[in-house]
Amino acid sequence: MSSVGWHRRGKFLLSGSEDGTVKVWTTESPKAVRSLDCKSPVTSVAILPNMVDLVAVDRDGRLNLWDLRTGLLRQRVRPTAGPAEARRLPLSAVGVSSRVSCVAAASHSGLVHMWRAQKESEGVVLRALPLALEAHVDYITRIAFSPSSSAMITASADKTARLWAPARAESPSS
């Protein structure tokens with residue numbers, strides 16, 4: 001297992017694995033209630049605050065958006081900003097703002113790619129933002145948003161953590 005996470009209300013647990021699966025568990029049973037196949041080793045998972053959608057990033061450099069109610073893959077996207085060679089690298093971490101407006105995924109190049117999560121009639125759809133934050137000089141190990149979604153923190157193998165204001169895409173501190 002390479003990643004774990006909690007449903008906001010503590011009802012479900014999430015796991016992402018080297019075998020390419022994301023599993024959803026209840027706290028009441030040792031058996032997974034849903035298994036989702038990303039077709040590539042999963043490096044990080046997170047559930048959106050709407051508690052219906054799950055995102056997982058993988059070593060093929062894709063962000064996968066799943067509907068937890070149906071188990072259907074709603075969207076599979078790659079970064080669109082930054083150098084072409086960096087957009088093909090594995091994604092190593094994913095973070096979701098508490099207001100569902102932003103999903104951030106980090107790559108092995110040290111870039112952070114961002115998507116706007118928009119609610120549409122068929123559910124949440126991810127729209128790429130036209131920027132890639134040059135966050136670190138080595139791969140990023142973790143991304144997290146503050147409870148208010150006004151700040152994002154990244155941690156890296158370059159032995160630094162940086163605090164960001166995602167709306168402005170600038171780093172107020174290193």
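Contact here means heavy atoms within 4.5 Å.

## About the model

This is a predicted model, in which local features need pLDDT of at least 70 and side-chain atom pairs count only at pLDDT 80 or more, while totals for chains, interfaces and linings use all residues. Residues are numbered from 1 along each chain as its sequence is written, and side-chain values use heavy atoms, with hydrogens and water left out.

Let's start with a pair of strands. Strands are DSSP runs of E with at least two residues, numbered from the N terminus, and two of them pair if DSSP finds at least two bridges between them. Strand β3 (residues 21-26) and strand β4 (residues 32-37) run antiparallel and are joined by 5 bridges.

## The four-stranded sheet

Next comes an open sheet of 4 strands, ordered β5-β6-β7-β8 with antiparallel pairing. The edges are taken by β5 and β8 (73-77); each has a single partner strand, so one side of each has no neighbour in the sheet. From one strand to the next, the twist averages 15° (axes are lines fitted to C-alpha atoms, and angles run from 0 to 180 degrees between N-to-C directions).

Inside this order, strand β6 (residues 53-58) runs antiparallel to strand β7 (residues 63-67), with 5 bridges between them. One of the pairings links D53 to its bridge partner D67 in β7.

## Two serines in loops

Where does S40 lie? S40 is in the loop between β4 and β5 (42-47). Its relative accessibility is 3%, so S40 counts as buried (buried means under 20% relative accessible area, exposed over 50%, partly exposed in between, with a 1.4 Å probe and protein chains only). With neighbours within four places in sequence left aside, S40 is in contact with G20, D58, R59, D60 and R62. For D60, the backbone nitrogen lies 3.2 Å from a polar atom of the S40 side chain.

The other serine, S17, is found in the loop between β2 (12-16) and β3. S17 is also buried, at a relative accessible area of 12%. Which residues does S17 contact, leaving aside its neighbours within four places in sequence? They are M1, S2, P41 and V42.

Methods. Polar contact = N/O pair within 3.5 Å; in protein donor to acceptor, adjacent residues only side chain to side chain.
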